[in-house]
Amino acid sequence: MEQRGCGAWLEQRQWVAIMVALVLFWSGASAQIRYSTSEELKEGTVVGNVAKDLGIDLNTLKDRGFRIVSGSTEPLFQVNRNDGILYVNRQIDREEVCERRSVCLINLKTVLENPLEIHYIAVEVLDVNDHSPSFPEKEKRLDISESVLPGARFQLLAAHDPDGGPFSIQQYKLSHNDHFRVEVKDRGEDGKMPFLVLQKPLDREAVRSHKLLLTAIDGGKPPRSGTIEITVDVLDVNDNTPVFTKDVYSVMLNENSPLGTTVIQVNATDLDGGVNGDIIYSFGNVKSKLNKLFDLDTLTGEITVKGPINFEEKDSYLIDIQASDQGPVPLTTEKSVLVKIIDVNDNAPEIEITSFSNAIAEDSRPGTTVALISVNDLDSGLNGKVICSITEDVPFKLMPSLQDNMYSVVTKSPLDREKQAHYDVTIVAKDAGQPSLSSIKTVSVVVSDVNDNSPEFSLSPYNFYVSENNYPGASLFSVSALDHDINENALISYHILRDSGEGNNWASFLNINSETGNILALKSFDFETLKTFNFQVVATDSGTPSQNSSVTINVYILDQNDNAPVILYPVSTNGSAEGVEEIPRNVKAGHLVTKVRAYDADIGYNGWLLFSLQEVTDHSLFALDRYTGQIRTLRSFTETDEAEHKLAILVKDNGNVSLSATATVIIKVVEPKEAFAASDVKSSVKDEEENSVTFYLTITLGSVSTLFLISIIVLIVMQCSKTTDYSSTYVQDANYDGTLCHSIQYRSGDNRYMLVGPRMSIGSTIAPGSNGNTLVLPEHRRASGEVRH
């Protein structure tokens with residue numbers, strides 16, 4: 001199809017087109033990339049470097065799946081994933097792709113994945129003069145009567161050139177002769193139509209036949225041409241031409257009419273007789289497309305439907321009909337038939353979203369525009385009249401605009417993202433045709449969040465239990481709040497509310513992780529100093545403006561065994577507890593020598609004290625009550641017994657890891673004296689007083705300890721109500737408990753707790769305001785030399 005020398009010219013033109021495309025690209029970064037290439041290039045011909053022009057890293061093309069999105073047919077162009085070069089995938093015939101369009105533009109869409117990028121490329125296919133004009137026939141015979149006067153015009157068959165623009169047919173030339181010249185009439189879309197014009201009368205007797213060569217020339221450089229041989233036979237006189245019965249033929253035809261439907265029947269008459277008056281009908285210069293749509297009966301002049309009639313493709317057709325007689329020299333008359341196509345409702349409306357906001361704030365006012373849509377129906381009249389509506393019960397409605405077939409989707413009621421964050425709005429477009437056709441389009445609307453919710457704590461109030469002696473800086477507990485908003489509006493930070501009030505002093509020794517809500521103490525707690533306190537935590541979101549809420553934290557300190565027993569008697573001096581007791585040698589078994597008194601600042605089992613002998617000179621002489629700390633004689637003294645005995649006593653609490661203290665009692669055995677009897681009497685009186693005080697103390701503590709076990713209360717009352725007979729023989733009672741327990745009851749939330757305190761020696765009392773764990777000894781001295789504290 002190419003002429004010699006055209007290849008080099010095409011290659012040069014291709015590179016020029018590529019350079020022009022690159023200049024256009026760099027001249028405007030925001031413009032669409034556009035290349036130019038010629039048709040009929042070989043497969044693999046480079047069009048341009050897409051990756052370079054788009055600024056895409058070549059190393060990522062293959063991994064990101066760089067490709068051209070194409071339909072089911074084989075694409076005209078393809079892109080190389082390794083270097084991003086756009087090349088011709090198959091040979092392009094511009095006349096096939098774009099028919100007679102002046103600009104042949106092919107739009108391509110390229111895709112990069114991970115992340116997704118879409119770029120649009122336009123490739124203009126430049127026409128080359130690769131087709132020569134051609135006539136539908138190799139030769140044409142014309143019968144012209146010798147009676148035809150100069151100036152008569154005879155329509156010739158037009159040549160066809162698939163190329164467009166300047167490469168289409170530009171002129172016709174007729175071989176040199178004395179009788180005829182060619183005249184060209186421009187018929188617009190139908191191209192240039194050649195007419196043979198008689199310049200000089202014919203003389204059949206001189207020349208019976210004229211041989212002419214008609215040449216059609218296009219505008220290429222070099223030009224291409226095609227020829228047809230025209231033979232003009234000079235006939236005898238046939239001086240009447242056919243005449244159509246109507247001056248104008250116009251008809252209405254429904255689209256989609258069945259094949260074979262009669263469109264119209266034309267009629268022409270000829271005043272001549274015989275064969276000179278017999279008329280046949282034919283199409284004039286009709287495009288090949290019309291030949292596919294309509295058929296003409298040459299004898300009757302009836303035009304019928306031959307192919308599908310579509311109003312949307314063309315709403316009218318102008319058909320040239322020729323009526324020719326059959327005389328020796330046929331005369332022809334032309335008439336145009338105008339066929340107007342009547343629209344029927346065969347196209348459903350089309351909905352197009354022209355502008356769309358995929359997210360709308362939940363605090364938007366009613367009437368806020370979400371999307372703009374346009375509807376179009378290819379039909380006309382009522383068939384193209386479209387009515388739009390929203391079918392679901394959603395907080396959106398359609399508002400028509402001033403421009404026809406334009407609507408806006410607006411909010412009709414307040415939105416709440418926390419109730420519904422996404423809406424699928426179905427838009428129905430329905431035309432007014434009979435029967436009606438409709439189409440549906442769904443618009444997805446996302447409701448964006450605004451900060452309209454305050455943080456909510458999981459509990460209110462919080463109750464936490466913390467053991468004393470906690471490690472400073474270690475996490476104690478945590479609080480948590482939830483915000484129903486999202487993103488920044490739901491990002492919560494915590495802080496402790498600190499004020500100058502006396503009841504919130506402990507808040508200054510606490511710190512909180514603003515992100516996690518973990519609370520830690522900057523100092524250790526001491527149950528003996530502080531048993532409970534409260535403070536407030538505030539949760540604030542990160543919205544603008546921010547929202548906050550607060551919660552009260554109640555903290556209850558739990559006791560630990562962190563206090564060792566303290567020896568009250570013997571009195572501690574120089575860091576050690578040591579006492580000296582003198583007893584007569586003639587005391588009997590069971591004689592109360594002395595009592596070791598101690599207390600523990602802890603409560604409950606942590607403050608419950610037990611006494612034991614760690615060291616004793618003679619195990620047969622003395623016994624220690626493990627609960628009361630009383631030291632008594634086991635037998636009478638003999639002459640061989642030592643005069644001085646040393647007892648080392650261990651006082652231990654009942655904690656999981658028990659703490660202890662030691663006391664030393666030195667017992668000196670002396671000879672009886674005169675005042676011993678009186679002293680013994682005084683001691684007895686004192687014991688009775690102590691027992692009386694202990695009895696009343698037990699009653700008082702029993703009334704306070706309402707949750708104390710009944711069995712323990714009965715046991716305490718029984719033991720406390722016994723009268724100690726020091727003059728009788730001592731018999732050790734295994735169930736005897738010489739100390740009393742005290743308890744503390746307090747409430748924490750819905751729970752009620754009772755903490756049992758240390759045992760108290762007989763005769764001791766509870767000091768008011770001492771947290772229930774400080775002992776005060778009675779203000780009198782025992783005859784045996786017991787020290788008053």
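Tutor: Let's begin with a definition: buried means under 20% relative accessible area, exposed over 50%, and partly exposed in between, using a 1.4 Å probe and protein chains only. This is a predicted model, where local features need pLDDT of at least 70, side-chain atom pairs count only at pLDDT 80 or more, and totals for chains, interfaces and linings use all residues. Residues are numbered from 1 along each chain as its sequence is written, and side-chain values use heavy atoms, leaving out hydrogens and water.

Student: Why is Glu 183 called partly exposed?

Tutor: Because its relative accessible area is 27%, which falls between the limits of 20% and 50%.

Student: What makes Glu 183 and Arg 153 a salt bridge?

Tutor: A salt bridge needs a side-chain nitrogen of Lys or Arg within 4 Å of a carboxyl oxygen of Asp or Glu. Here the N to O distance is 3.3 Å, so the pair qualifies. Glu 183 is in strand β11 and Arg 153 in strand β9, 30 residues apart.

Student: Why does Asp 641 count as buried?

Tutor: Its relative accessibility is 11%, and the limit for buried is under 20%. Its salt-bridge partner, Arg 635, has its closest N and O atoms 3.1 Å from those of Asp 641. Arg 635 is partly exposed, at 26%.

Student: How do you know that Asp 218 has no salt bridge?

Tutor: The nearest side chain of opposite charge, Arg 224, is 5.2 Å away, whereas a salt bridge has to be within 4 Å. Still, the backbone nitrogen of Arg 224 lies 2.7 Å from a polar atom of the Asp 218 side chain.

Definitions and conventions: Lys and Arg count as positive and Asp and Glu as negative; His and the chain ends are not counted. A polar contact is a pair of N or O atoms within 3.5 Å; within protein, one must be able to donate a hydrogen and the other to accept it, and residues adjacent in sequence count only if both atoms are side-chain atoms. Helices (H or I, at least four residues) and strands (E, at least two) are DSSP runs, numbered from the N terminus.
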